[in-house]
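Please view the sequence and the model shown below, and then follow the points by topic.

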Amino acid sequence: MQIIVLSFAVLFREKDLRKYNFFMKNEIRKFSKEIKHRTIQEEALKVDLNNLSLREREIFDLIVCSKSNKEIAAEINISVNTVKFHVKNIYLKLDIKNRKEALTLKKS
């Protein structure tokens, strides 16, 4: 009798593990696709950010930190007009229109 009960317990546990295994396989596949998608987006972003000069990259990073043009100018010791010039070039090179789009680019 104990062997029969033990056999049922083993079969029940095996069935339970198969369900969990199926669930985990699907989660792994989903996560793998997500990583692949993120990697593609990051590669596209790296290409875009590599088009920026060192100064433009520095200003872009400060823009992403939500600094104003005046704050950026004070931090890196250039005029506000120079910051505006670099910001305009950054927008052209990255094909964006405003700081919100720069934030979304950085988050991607």
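Which residue takes a positive phi of about 60 degrees just after α3? The residue is N77, which directly follows α3. This is a predicted model, in which local features need pLDDT of at least 70, side-chain atom pairs count only at pLDDT 80 or more, and totals for chains, interfaces and linings use all residues. Residues are numbered from 1 along each chain as its sequence is written, and side-chain values use heavy atoms, with hydrogens and water left out. Helices (H or I, at least four residues) and strands (E, at least two) are DSSP runs, numbered from the N terminus.

**Loop residues**

- Most residues other than glycine have a negative phi, and most peptide bonds are trans.
- N77 has its positive phi although it is not a glycine, and it belongs to the loop between α3 and α4 (80-94).
- With a relative accessible area of 69%, N77 is exposed; buried means under 20% relative accessible area, exposed over 50%, and partly exposed in between (1.4 Å probe, protein chains only).
- D95 is likewise not a glycine and has a positive phi of about 55 degrees.
- The position of D95 is in the loop between α4 and α5 (99-107), and D95 counts as exposed at 68% relative accessibility.
- S66 is found in the loop between α2 and α3, where S66 is exposed with a relative accessible area of 59%.
- The C-alpha atoms of S66 and R99 are separated by 8.3 Å, while the two residues are 33 residues apart along the chain.

**The two faces of α3**

- Helix α3 comprises residues 69-76, and its buried residues include N69, I72, A73 and I76.
- These residues cover an arc of only 100 degrees around the axis, which puts them on the same side of α3; the arc is that of the directions from the helix axis to the C-beta atoms.
- An α-helix has 3.6 residues a turn, so residues three or four places apart point the same way.
- K70 and A74 are exposed residues on the face of α3 turned away from its buried side.
- N69 of helix α3 counts as buried at 19% relative accessibility.
- Leaving aside neighbours within four places in sequence, N69 is in contact (heavy atoms within 4.5 Å) with V80, V83, K84, V87 and R99.

- Two packed helices are described by the angle between their axes and the distance between the axes.
- Axes are lines fitted to C-alpha atoms, for helices over the stretch in contact, and angles run from 0 to 180 degrees between N-to-C directions.
- The axes of helix α2 (residues 54-64) and α3 cross at roughly 130 degrees and come within 10 Å.
- The two helices are therefore oblique to each other; angles under 35 degrees count as roughly parallel, over 145 as roughly antiparallel, 65 to 115 as roughly perpendicular and the rest as oblique.
- R55, E58, I59, L62 and I63 of α2 make this contact with I72, E75 and I76 of α3.
- By class, the contact of α2 with α3 holds five nonpolar, no polar and three charged residues; Ala, Val, Leu, Ile, Met, Phe, Trp, Tyr, Cys and Pro count as nonpolar, Asp, Glu, Lys and Arg as charged, and the others, Gly among them, as polar.

**Packing against α4**

- The axes of α2 and α4 come within 10 Å and cross at roughly 90 degrees, which makes α2 roughly perpendicular to α4.
- From α2, R55, E56, I59, F60 and I63 meet H86, V87, N89, I90, K93 and L94 of α4.
- The contact of α2 with α4 divides into six nonpolar, two polar and three charged residues.
- The axes of α3 and α4 are 8 Å apart, and these helices pack at an angle of about 110 degrees, which makes α3 roughly perpendicular to α4.
- N69, K70, I72 and A73 of α3 meet V80, V83, K84 and V87 of α4.
- The contact of α3 with α4 has five nonpolar residues, one polar residue and two charged residues.

**L94 in α4**

- L94 is located in helix α4 and counts as buried at 6% relative accessibility.
- Not counting residues up to four places away in sequence, L94 touches D48, L49, L52, F60 and L105.
- L94 and D48 are 46 residues apart along the chain, and their C-alpha atoms are separated by 6.0 Å.
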